[in-house]
Amino acid sequence: MKKPTMRDVSRVSGLSVYTVSRALSEDPTGVTAESRERVVAAAKELGYVPNRAAQQLRRNTRSSVAVITSSTSNYYYIDLMRGIQGTLRDSGRTVVVADIAAEGYYSPEIEDATIQDLIQSRSAGVISTLALRQENLDLLRDWQIPIVFVDSQPPATARSLPAITMANYEAGMQVGEHLASHGYDSWLFLAYPVLWSTRFERERGIREAAEKFGAALVVLERPNNVDGAFATLSGFLDAPGATPPRALIAGNNPMIHGAYSVLRDRGIAIPDEMILRQRAELDQVYHTELKAIRDVEAAIRAVAKPRCVASSSS
């Protein structure tokens with residue numbers, strides 16, 4: 001069945017295409033209330049839905065802001081989206097979410113397709129939680145779509161772009177100091193891939209804390225998802241001669257969920273045999289009380305102040 005067009009609405013309403021276009025726009029200035037009612041009634045009768053993207057192209061106005069996330073299974077993004085939506089609500093803009101690393105598996109093809117879609121829909125701006133390819137940053141610049149990075153640094157070739165980052169290094173150091181002060185001298189950092197740029201400073205802080213306090217540190221990296229964390233920690237514990245660490249530091253929520261499942265399945269007591277961290281949502285999911293230290297992400301939220309960075313390449 002052929003989709004109804006604006007010309008069909010014009011025919012049924014008995015009004016010009018121009019009047020129909022104005023009446024169905026977000027700013028129907030110059031159209032009488034009676035004419036607008038006739039147009040809306042005709043559109044409803046025909047099942048015609050205005051193409052907002054096309055209207056925005058013609059008006060050169062943009063109403064949506066795209067948030068590029070990397071695995072929406074991470075609870076962190078729920079809090080992030082709540083803050084962004086709350087901020088944009090008063091501006092009349094809407095939020096569109098694009099996950100380019102579903103379940104922690106990044107795909108450059110999905111990134112490229114996502115950027116193309118955002119350009120075609122003429123997004124008002126982009127908020128990205130992970131570094132994007134330089135080619136896509138160039139495209140956004142050419143189409144005059146601003147971008148800001150949140151909890152992530154832009155790539156080295158685009159350091160002049162604005163970024164809101166956390167004190168990841170300081171947070172890593174404080175986690176290490178906390179562990180050392182309680183006598184824990186063997187640590188395991190379950191980390192996500194370096195594509196998520198927060199990994200660098202968090203790991204640097206933990207490594208320097210381990211060196212400072214004489215703790216043994218093992219760093220394990222796997223895909224940024226629960227299954228990857230589960231498989232990696234299981235493989236580590238199953239290795240011949242492996243000694244479980246006294247403290248496990250998880251890089252984020254998917255890592256801690258995967259790690260907890262491993263410890264639960266193996267009957268490793270928390271915190272008597274290994275210390276983890278406390279999270280309210282883990283209590284709700286696993287119906288247990290995790291008496292633990294904060295992981296890097298929790299430490300960031302609790303003690304580190306966000307800082308807005310708009311530095312030059314120097």
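1. Asp8, Val9, Val12 and Ser13 of helix 1 contact Arg38, Val39, Ala42, Ala43, Glu45 and Leu46 of helix 3 (contact: heavy atoms within 4.5 Å; helices: DSSP runs of H or I, at least four residues, numbered from the N terminus). These residues comprise 6 nonpolar, 1 polar and 3 charged.

2. This is a predicted model, in which local features need pLDDT of at least 70 and side-chain atom pairs count only at pLDDT 80 or more, while totals for chains, interfaces and linings use all residues. Residues are numbered from 1 along each chain as its sequence is written, and side-chain values use heavy atoms, leaving out hydrogens and water.

3. Helix 1 (residues 6-13) and helix 3 (residues 33-46) have axes 9 Å apart, at an angle of about 120°. The two are therefore oblique to each other (angles run from 0 to 180 degrees between N-to-C directions; under 35 counts as roughly parallel, over 145 as roughly antiparallel, 65 to 115 as roughly perpendicular, the rest as oblique).

4. The axes of helix 6 (residues 108-120) and helix 7 (residues 134-142) come within 10 Å and cross at roughly 5°, which makes helix 6 roughly parallel to helix 7. Glu111, Asp112, Ile115, Gln116 and Ile119 of helix 6 meet Asn136, Leu139 and Leu140 of helix 7.

5. The largest nonpolar core has 30 residues, of which Ile68, Ile115, Val126, Leu132, Leu140 and Ile147 touch the most other members (a core: buried Ala, Val, Leu, Ile, Met, Phe, Trp, Tyr and Cys residues joined through side-chain atoms within 4.5 Å; buried: under 20% relative accessible area, 1.4 Å probe, protein chains only). Helix 5 gives the largest share of this core, 6 residues.

Technical notes: Nonpolar A, V, L, I, M, F, W, Y, C, P; charged D, E, K, R; others polar. Buried < 20%, exposed > 50% of the residue type's maximum accessible area, 1.4 Å probe, protein only.
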